[in-house]
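User: I have a model open and want to work through its fold. Can we take it step by step?

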Amino acid sequence: MPSRTYAEQKILRGLTPHTLAHVSQLLEVAPLLRLSSGRRTAQRNREVGGSPRSWHLRGRAVDLIGPEWDLTRAAGEAWALRVGHHCTGPEEVLLEYLGGPRQHLHVAW
Ligand SMILES: [Zn+2]
Ligand SMILES: [Zn+2]
């Protein structure tokens, strides 16, 4: 994986092994994207207005930021990519706008 910031490495360490495998694969095909969120505590999830049943609470979701074209392409890749024979693909792939023009890609596995 290309160089990742300390904050991104911390996000990667909080993920389940299966989700980590998916995120690593996705970042290889979309290396310009940056991780902005991963596992959240219940308190943090409330603060950011996350769903009470968010996959972030289980370390199974990440949010990615970056150029809009790369986010859109990565959304398509996320639906298609699999890790291992028993993998059924992602649970959620959402391009979201959190106020303002900036977009992020949420993917849960
Ligand atoms: Zn999978
Ligand atoms: Zn998210």
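**Strand partners and core**

Analyst: Start with one pair: Val62 has Val107 in S4 as its bridge partner. The model is predicted.

User: Which strand pairs with S4 over four bridges, and in what sense?

Analyst: Val62 is bridged to Val107 of S4. The strand that spans residues 61-65 pairs with S4 over four bridges. The sense is antiparallel, and the strand is S2.

User: Which residue of S4 is the bridge partner of Val93?

Analyst: S3 and S4, the latter covering residues 103-108, pair over six bridges in the antiparallel sense. Tyr97 stands opposite Gln103 in this S4 strand. For Val93, the bridge partner in S4 is Val107.

User: In what order do the four strands lie in the open sheet?

Analyst: S4 pairs with S2. S4 also pairs with S3. The sheet is open and its pairing is antiparallel; the order is S1-S2-S4-S3.

User: Which are the edge strands?

Analyst: The sheet order is S1-S2-S4-S3. An edge strand pairs on one side only. That holds for S1 (34-37) and S3 (92-97).

User: What is the average twist from one strand to the next?

Analyst: The four strands form an open sheet. From each strand to the next, the twist averages 30 degrees.

User: How do the elements run from the N terminus on?

Analyst: The protein has four helices and four strands. From the N terminus on, the run is α-α-β-α-β-α-β-β.

User: Which residues touch the most other members of the largest nonpolar core?

Analyst: This core has 16 residues. The residues that touch the most other members are Val23, Leu26, Val62, Leu64, Ala74 and Val107.

User: Leaving out residues up to four places away in sequence, what does Val62 touch?

Analyst: Val62 belongs to the largest nonpolar core. Its bridge partner Val107 is in S4. With sequence neighbours up to four places away left out, Val62 touches Ile11, Val23, Leu35, Ser37, Gly38 and Val107.

User: What radius of gyration does the protein have?

Analyst: The C-alpha atoms fill a box of roughly 35 × 30 × 25 Å along the principal axes. Buried residues make up 24% of the 109 residues. A compact globule with 109 residues would have a radius of gyration near 13 Å, so the protein agrees with its own value of 13 Å.

Terms used. Residues numbered from 1 in each chain as written. Chains lettered and ligands numbered in written order. Predicted model: local features only at pLDDT ≥ 70, side-chain atom pairs only at ≥ 80, totals over all residues. Helix = DSSP H or I, 4+ residues; strand = E, 2+ residues; numbered from the N terminus. Rg over C-alpha atoms; globule rule 2.2 N^0.38 Å. Buried ≥ 20, exposed ≤ 12 C-beta atoms within 10 Å, placed from the backbone. Pairing = 2+ DSSP bridges. Axes fitted to C-alpha atoms, helices over the stretch in contact; angles between N-to-C directions. Core = buried A, V, L, I, M, F, W, Y, C linked by C-beta atoms within 7 Å. Contact = placed C-beta atoms within 7 Å.
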